[in-house]
Amino acid sequence: MNLLLKLIAFAYLLSLVASQEKCNNENKYCFPNVVTNWIGAAEYCARNNWRLAILDSEQKQQQVEAQAQGVDAFQTAKVELWIGASDLAREGKFVWHATGSDVGYANWIAGKPDNKDGHEHCVHLWYEPSRLFKWYWNDVVCGSTRRFVCEKV
């Protein structure tokens with residue numbers, strides 16, 4: 001019985017490593033197999049000497065899209081990933097958390113950001129082809145949970 005538990009634990013650890021295959025020194029962006037809120041995502045990235053991704057150009061946006069499309073777990077009908085922008089400090093003024101720089105380049109879904117019900121302050125990438133959302137940005141409640149994108153610093 002004890003051996004069986006050890007084998008199960010070992011298999012679980014191997015699956016975690018395999019599912020994080022895109023988190024290596026060869027790639028600028030990392031998609032940890034972790035689901036958490038926006039602050040948890042920022043903390044996770046920082047603990048690993050990364051930061052929540054700063055997508056301040058169309059080129060960086062396209063790099064993340066291309067790399068994300070190679071992650072097996074994202075071959076689904078809907079993917080949502082935290083990135084490093086928020087307007088937590090001042091409503092309507094989105095900045096990159098890691099640098100404090102204003103968000104210039106943006107790829108918002110039409111009509112966003114909207115701060116629905118006064119509670120949406122953190123930004124995520126949203127891929128859902130059935131709704132014609134192809135890696136657009138959306139503001140959402142920071143305490144909701146999803147996977148995220150880290151960027152090598």
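Residues are numbered from 1 along each chain as its sequence is written, and side-chain values use heavy atoms, with hydrogens and water left out. Because the model is predicted, local features need pLDDT of at least 70 and side-chain atom pairs count only at pLDDT 80 or more, whereas totals for chains, interfaces and linings use all residues.

The secondary structure comprises three helices and eight strands, where helices (H or I, at least four residues) and strands (E, at least two) are DSSP runs numbered from the N terminus. In order from the N terminus, the elements follow the pattern α-β-α-β-α-β-β-β-β-β-β. Of the 153 residues in the protein, 40% are buried, a term that denotes under 20% relative accessible area, with exposed meaning over 50% and partly exposed the range in between (1.4 Å probe, protein chains only). The accessible surface, computed by the Shrake-Rupley method with a 1.4 Å probe, comes to about 8,500 Å², and carbon and sulfur atoms hold 54% of it. Among contacts (heavy atoms within 4.5 Å) with a separation of 6 or more, 71% are between residues 24 or more positions apart.

A nonpolar core is taken here as a set of buried Ala, Val, Leu, Ile, Met, Phe, Trp, Tyr and Cys residues joined through side-chain atoms within 4.5 Å. The largest such core has 22 residues, of which Phe31, Leu55, Leu81, Trp96, Leu125, Trp137 and Val149 touch the most other members. Two or more residues each are contributed to this core by helix 3 (58-68), strand 3 (79-86), strand 5 (120-128) and strand 6 (133-141), and strand 3 gives the most, with four residues. Apart from this core lies another, of 14 residues, which includes Ala42, Cys45, Trp50 and Trp82. When residues up to four places away in sequence are not counted, Val149 touches Tyr29, Cys30, Phe31, Cys45, Arg51, Leu52, Ala53, Val64, Leu81, Trp82 and Leu125.

Side chains of opposite charge can pair when their charged atoms come close. Under the criterion of a side-chain nitrogen of Lys or Arg within 4 Å of a carboxyl oxygen of Asp or Glu, eight salt bridges are counted. Glu80 takes part in a salt bridge with Lys78 (3.3 Å, N to O) and in another with Arg146, for which the closest N and O atoms are 2.8 Å apart. Arg146 is buried, at 9% relative accessible area, whereas Lys78 is partly exposed, at 42%. A further salt bridge joins Arg131 to Glu128, with 3.9 Å between the closest N and O atoms; here Arg131 is partly exposed, at 45%, and Glu128 is buried, at 11%.

Asn115, located in the loop between strand 4 (95-96) and strand 5, is buried, with a relative accessible area of 16%. Its side chain makes a polar contact with the side chain of Glu91 at 3.2 Å, a polar contact being a pair of N or O atoms within 3.5 Å; within protein, one must be able to donate a hydrogen and the other to accept it, and residues adjacent in sequence count only if both atoms are side-chain atoms. Not counting residues up to four places away in sequence, Asn115 touches Glu91, Glu120, His121 and Asp139.
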